[in-house]
Amino acid sequence: MSKLIKVLKLESDCQRGANQNRSRALVAGGAGFLGSHLCERLLRDGYDVVALDNFHTGKKNNLNALLRNPRFMCIEHDIVNALPSGLRFDEIYNLACPASPPHYQADPIHTFKTSVLGSLNLLELALQNNAKIFQASTSEIYGDPFVHPQPESYFGNVNTHGPRSCYDEGKRSAETLFFDYSRTYGLNIRVARIFNTYGRRMQPDDGRVVSNFIVQALQGKDLTVYGHGLQTRSFCYADDLIEGFVRLMNAPNAPAHPVNLGNPSEFTIMELATLVIDYTNSRSKIVHRPLPIDDPRQRKPDISFARANLGWEPKVGLRQGLARTVEYFDTLLYGGQLAKGATAS
Ligand SMILES: NC(=O)c1ccc[n+]([C@@H]2O[C@H](COP(=O)([O-])OP(=O)(O)OC[C@H]3O[C@@H](n4cnc5c(N)ncnc54)[C@H](O)[C@@H]3O)[C@@H](O)[C@H]2O)c1
């Protein structure tokens, strides 16, 4: 059963928005880290925005400021289930899916259903509304890649039956569905393959490497590095990624394939840990733990397509983005003790 968090007359409200000639956007997963930034951006761009979220990993706090905006509403709903009736949209963004390994592995069957049944429900809604629809896919499509950096043409190297497969294979299946809806019904689709993204509104217990390291360092705990820490990742700041989402959605022609969005600067996990210790003035040590199953050894997007066709590339480097993210977690957890000059022990 869906719960409307704000605005009771959903159907009439949807009609009213349409009559006023403003574009209406649905953001599934709108209470999450990236989803809340996207809702904020779309409201700034003049859209009426509806966030749909089951609050599995998303937080109502992420929407506090937005809920004061009369052009925003939020519906509590799980996209695995039939969507509420009366929804009318011009654009649909599907960001709904837990994204960090501890969260998506906690209920792997539901994670898989979210990508497959959830995508199907949203694709049907797009079809009924003749709406454009965007899918937040992932660099996990490439698995543990043999091609480096990864261009969109690389098919990937993914385990079908490991603990990460519910997420990786769910997202691969969702890509298949999106392109089949495009070929079968001519639906206007946009599929972004997102590489590791970090920034404000990540949750302290999110379980992804950037938030883990910053929270551990601020708490004066050891930073947990899996394996030797020589595996690489490419880290994109959230604001840059959201700009890429909007450019991809607004591109006049739908790309005939998924589009990589990420920051091509590549860092080892040890380099990241050292930077975080520096930026938090922490005396934390680095400890090593066994590598998780199927942990990718390297990740770096080839973003030539996005550069050439969307005029997009990231602007915020890792050092600048980390400084902002450390400040966010410091304020969230300790009311800004670093800014006040205190040092984690
Ligand atoms: N942040 C990244 O580095 C990254 C990288 C690759 C892909 N992505 C994709 O981007 C999207 C957003 O990721 P995020 O980092 O903001 O993660 P997040 O966990 O903060 O956000 C996901 C949101 O989806 C909601 N959700 C999950 N399952 C749902 C369901 N069945 N029905 C309705 N809502 C549901 C959650 O409550 C949450 O608000 C995800 O689809 C993720 O797979 C993110």
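**Reading the model**

Guide: At 5% relative accessibility, Thr138 counts as buried, because the cut-off for buried is under 20% relative accessible area. Keep in mind throughout that this is a predicted model.

Visitor: In which element is Thr138, and which residues does Thr138 touch beyond those up to four places away in sequence?

Guide: Thr138 is placed in strand β6. Leaving out residues up to four places away in sequence, Thr138 touches Tyr167, Lys171, Ala192, Arg193 and Ile194. There is also a polar atom of the Thr138 side chain at 2.9 Å from the backbone nitrogen of Glu140.

Visitor: How should I read the surroundings of the ligand? Which residues come nearest?

Guide: Start with the list of neighbours, then look at individual atom pairs. The ligand has 30 residues around it, and those that come nearest are Asp53, Thr57, Tyr167, Lys171 and Thr197. Two of these names, Tyr167 and Lys171, are also among the residues that Thr138 touches.

Visitor: Which elements give two or more residues to the shell around the ligand, and which gives the most?

Guide: The elements with two or more residues in the shell are α2 (33–44), α4 (108–129), β6 (132–138) and α5 (165–185). The most comes from β6, with 3 residues. By class, the shell contains 13 nonpolar, 13 polar and 4 charged residues.

Visitor: Next, aromatic pairs. How many are there?

Guide: An aromatic pair is read from the distance between ring centres and the angle between ring planes. The count comes to 8 aromatic pairs. In one of them, the ring centres of Phe134 and Phe245 are 4.8 Å apart and the planes are at 55°, so the pair is tilted. Phe134 lies in strand β6 and Phe245 in helix α7 (residues 238–250), so this pair ties together parts 111 residues apart in sequence. Both Phe134 and Phe245 are buried. Together with Tyr93, Phe134 and Phe245 form one aromatic cluster.

Visitor: Is the pair of Tyr142 and Tyr154 stacked or edge-to-face?

Guide: Tyr142 and Tyr154 form a stacked pair, 6.0 Å centre to centre with 15° between the planes. Tyr142 and Tyr154 each lie in the loop between β6 and α5, 12 residues apart. Tyr142 is buried, at 0% relative accessible area, and Tyr154 counts as buried at 13%.

Visitor: Last, the backbone. What should I compare phi and omega with?

Guide: Most residues other than glycine have a negative phi, and most peptide bonds are trans.

Visitor: Where is there a cis peptide bond, and what is the phi of Asn130 and of Arg201?

Guide: The peptide bond from His148 to Pro149 is cis, with omega near -10°. Pro149 is in the loop between β6 and α5. Asn130, in the loop between α4 and β6, has a positive phi near 50°. Arg201 also has a positive phi, about 80°, and is found in the loop between β8 (197–198) and α6 (209–218). As for cover, Asn130 counts as exposed at 71% relative accessibility, whereas Arg201 is buried at 12%.

Methods:
Residues numbered from 1 in each chain as written. Predicted model: local features only at pLDDT ≥ 70, side-chain atom pairs only at ≥ 80, totals over all residues. Heavy atoms only, no water. Near = heavy atom within 4 Å. Helix = DSSP H or I, 4+ residues; strand = E, 2+ residues; numbered from the N terminus. Nonpolar A, V, L, I, M, F, W, Y, C, P; charged D, E, K, R; others polar. Phe/Tyr/Trp six-rings, centres within 6.5 Å; stacked < 30°, edge-to-face > 60°. Buried < 20%, exposed > 50% of the residue type's maximum accessible area, 1.4 Å probe, protein only. Polar contact = N/O pair within 3.5 Å; in protein donor to acceptor, adjacent residues only side chain to side chain. Contact = heavy atoms within 4.5 Å.
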